[in-house]
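Thanks for coming. Please have a look at the model first.

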Amino acid sequence: MAKEKLKLGFYMGAGCGGCDIAVLDIHEKLLDVIEVADIVFWAPIAADAKYKDIEELPDGSVDVGFYWGAVRNSEQEHMAKVLRDKSKILVAFGSCAVSGGIPGLANIANREEIFRVVYKETASTDNPEFVTPQTIYDDGGHELTLPEFYDEVYALDEIVDVDIYMPLCPPTPKLIWTVIEAVVSGNIPPKGAIIAGDKTLCSECGRKKSEKRRITKIYRPHEIMLDQERCFLDQGVICMGPATRAGCEAICINANVPCRGCMGPTKEAFDQGGNMLNLIATIFGVDLEEMTEEEIKSLMKQIKDPLGTFYRFYLPKSLLRRRR
Amino acid sequence: MKVIILKVFVCTCRDTINLPKDLNFGDGIDVEKFSNLCSDDGIKRVAEVVEKGEKVVIAGCSPRIADRYFGEFNPEYVNIREQVAHIGHSPEKINSLINGAIQKLRNSEDIEEMKFEIKERSVLVIGGGVAGLEAARQIANSGIKVYLIEKKPFLGGVVGTLDRLYPKGTPNSHNLYSLINDIAKNENIEVITNSELEKVGGEFGNYNVLIRVRGNVIEDCDLCGRCEEVCPVEVEDHGLMRKAIYYMPTYPDNYGIDFDSCTKCGKCLDVCNKLSLGEKERILNVGAIVVATGLKQYDVEKVKGYGYKKLRNVFTHWDFERKFASGEINPGKVVIIHCAGSRDDNHLAYCSRICCFLGLKEAKLIKDVSPETDVTVCYIDMRSYGVFDELYETLRRNHGVKFINGRPAEILENGNKLKVRTEDILLGKPIELDADCVILSTGFVPDAETFEKLNIKCNGEFPTAYVNSILSDDSNPHGVYICGSAAFPKGVSETISEARDIAMSIVNLLNNDSIKLKTPIARINGKICGAIDCRICVDTCPYGAVYLNEDGEVGVNESICMGCGICTATCASGANQLYGFDDRGILAQVEATINEGDIAAFLCKWSSYNAADNIAYKGLNYPENVKIMRIPCTGRIDAQTILKAFSSGAKSVLIAGCPPDACHYNTGNFKARKRVIALREMLGQFNIDPERLRIEWIGNQEAERLVRILNEMNK
């Protein structure tokens, strides 16, 4: 009898679909995967499966479950729990599942504010009665339901136990293949493993650094002709490299775009955004250390949205997690 | 996982500290209570526990005092006397403070004891001027071998070229010749002239130094002078012309070659077969290094209006002294200009401290030799302080020297003479002075090349931040001492006393077989920071202790790391950790100490922490919810720590350290300030009022101000 095929399951929570595409980006290797594994479900995008069918699977019957996207409503929470129960190994796939990702930035607002903007204030919305999604609606005797939209965004491991973390937005084909290969070969990484480098991104970046690291003016990438050889920080452009894990092989940087930090912090750093802001502030100024409060403020003001810049992919896992 | 055994010693300071009813910190943490832990029995008990490899928390009086008894054990101190009992706070507060200390210890790496063998009981003294000579004499007299290297062919330095010393006009031979003779006859001193430092490796107790030696010392030179006759190279040496090979009446007693101007034509070799133009390298192994490289005159040619080197008879004070003393000139009317290029943002922004005396000294020299000469001094402020003011008064009252308050704008040629245009501030109008000769009393710059080779950061300026006379003694990295005018311009008497101080320190250092240090040291985690990483921490170290090694990786020189943590707080990846004040340790301490509504106060141990103690001594008080955490420097506190305090429930966070420009570690407080203000700009986005985060500079006597600030933050 042929060896029993591995069973894989994919689910997307609060994400953008980029991770689905990323999996497809392993191209014909996907055929190798299908050779040894069955994709039990890939909801909701690639393969049809009803939640009921997934819920009825025996617990632990899926070898590896991949969850991408963050958790920000009751449906996602429910499915995260289902996926957890059904999977022997649960992988938090992509920045959103690992640390909230871009949707995680919604933690600087709350449900009420988000609804007000989305269902009322945007230029293209005409909703004078301010009708917003309700969890239960009685349509003439028919009860219609919608998932509950949460006040804040969670990373996957705030909801369920996670075995393997795969940061990046989205994970590169190479890293995806590393994980799949590991699973197929039975060489499963230990619990809590992060599929990434241990070092900082700078260790994968070949740009030249100046002797004296100083920032006297901050540019956004489009405001300056970027030198391809020199460190972005030396050019006054914020690059999250020093506060970010290696593993992506500096793909953005090689395309002359500064790092935005989607790999998250290294294992000994506990607040990626705070650490980066701290580092940038340390190299503010010219030769003299002493700067007036006004000078420091005026440099900080050149960073348009500090929170969004420094916590772009990481807010729900940062120390403050959300707006107070 | 590593098992960390912890013991908590609680001292009630002769039963003056009320303890909480329940002192229980969970899983197997023993608590031992003493009423006087500083007794011999108490100290012995702590030593026993530490000996077994256990970590200890000591709760009792302020670490200012407790460190006297327990410093060597590296405990985590909890100040329950000055910061709980004496200010009438509830004993229950003790639990959260001790808990914080326990968590900090649990999550910190061990501070390992480092042992530096003193392998070389010898000293390198760089520079053969008064500073180097005196230091060498004192060190050698205590039986320690000294290598004295001098880049010129003769000893003597600046003083050796001059005629007299201020304030009395003492001929320099009063002290220089006897000093040089002491050096020359001392068997513990090897003088190596015409030699320069090339490279330094190793650490204190065991430096290996590469020096380059040019030419040779002729033991049996008969001073026939033929070499000087045939030498075709003439150079100006501080106002006097001489050949590239010359004799100077100091040491060694032979003709020597000035290799900076020698063209190596070889004519001298034709008349003397003892001479050599060769170069060789030598390696010296020493335990400590004295940098006594002295100073240089500011290049006053840059002050365009004064026409130095363009106008005849415009001299610097040194040039003038040499020309005048040798009888080359004898002017009838002299104008001396003080602050020539000093206290001027376009030139030297600072006061060089000794040039007022030097200008006055030249005036005295002129008047002593030629009383009929008319001397006028133009000055901005007369900075002849203390006993030296006598010189100014003597010249003014007894010698008829005229003093004009004003800085001359320009010197013009006026036939054979000179015309000095200046303002007389007291008369309130511009005036012109005729002169045969103008003396520019210039300021000074250091001979900075050596500093670079020793990795002492000073950007070509005087290494004021590095020098222990400016800050407290423990802010000077061990083993390298800067002596005399190399540190900042000094007179001869000050230089001599400093050289003696330094000699004393070095003798104390080298009289040990080894030095044990058990202090927090920054270390780089090579698993996180690799060969081509960001390197930003390298430049933040005030001591040059963080460096790039041969593989391009960031390393820390343990022997000069002072444990401030500025580099650790800089690192965004957690690779750089100050052991004993690790990120994990501090974050755990904050979490365990801070409850909802508390005020987290990170107080620098050199300043504001003592102010907090003073609050108790002065009978003042602050809100009970203030939780003080003692830090090595405000520069150790990073955004992560502050955010942790807020996320643990703190309603306000205070970071307080030494006054601006007075950071114990030079720049820690400025870096902290940049970080805190930058973070405040982002806090609004988290809906935290930026006013809830403050950074303040608080000296140790400013208890009242600290109380006021803490009360404001509690509102």
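Helix H19 of chain B, residues 639-647, is mostly covered, with eight of its nine residues buried. Buried here means under 20% relative accessible area, exposed means over 50%, and partly exposed lies in between, using a 1.4 Å probe and protein chains only. Helices are DSSP runs of H or I with at least four residues, strands are runs of E with at least two, and both are numbered from the N terminus.

Before I go on, the conventions. This is a predicted model, where local features need pLDDT of at least 70 and side-chain atom pairs count only at pLDDT 80 or more, while totals for chains, interfaces and linings use all residues. Residues are numbered from 1 along each chain as its sequence is written, chains are lettered from A and ligands numbered from 1 in the order in which they are written, and side-chain values use heavy atoms, leaving out hydrogens and water.

Back to H19(B). The buried residues are B:Ala639, B:Gln640, B:Thr641, B:Ile642, B:Leu643, B:Lys644, B:Ala645 and B:Phe646. What do they pack against? In chain A, the partner is helix H10 (272-282). In chain B, the partners are helices H17 (583-593) and H20 (668-683), plus strands S35 (599-604), S37 (652-657) and S38 (693-697). Contact means heavy atoms within 4.5 Å. After H19(B) comes B:Gly649, with a positive phi near 115 degrees.

Now chain A. Chain A has 12 helices and 10 strands. Its radius of gyration is 22 Å, close to the 20 Å from the globule rule for 324 residues, so chain A is as compact as a globular protein of that length. That radius is taken over C-alpha atoms, and the rule is 2.2 Å times the number of residues to the power 0.38. Of the 324 residues, 52% count as buried. Taking contacts between residues at least 6 apart in sequence, 74% join residues at least 24 apart.

Domain bounds come from an automatic or database domain assignment. They divide chain A into domain 1 (6-103 + 153-194), domain 2 (108-150) and domain 3 (201-310). The centres of domains 2 and 3 of chain A, over C-alpha atoms, are separated by 39 Å.

A:Val179 sits in helix H8 of chain A, residues 173-184. Is A:Val179 buried or exposed? A:Val179 counts as buried because its relative accessibility is 3%. Beyond neighbours within four places in sequence, A:Val179 is in contact with A:Phe66, A:Met166 and A:Ile195.
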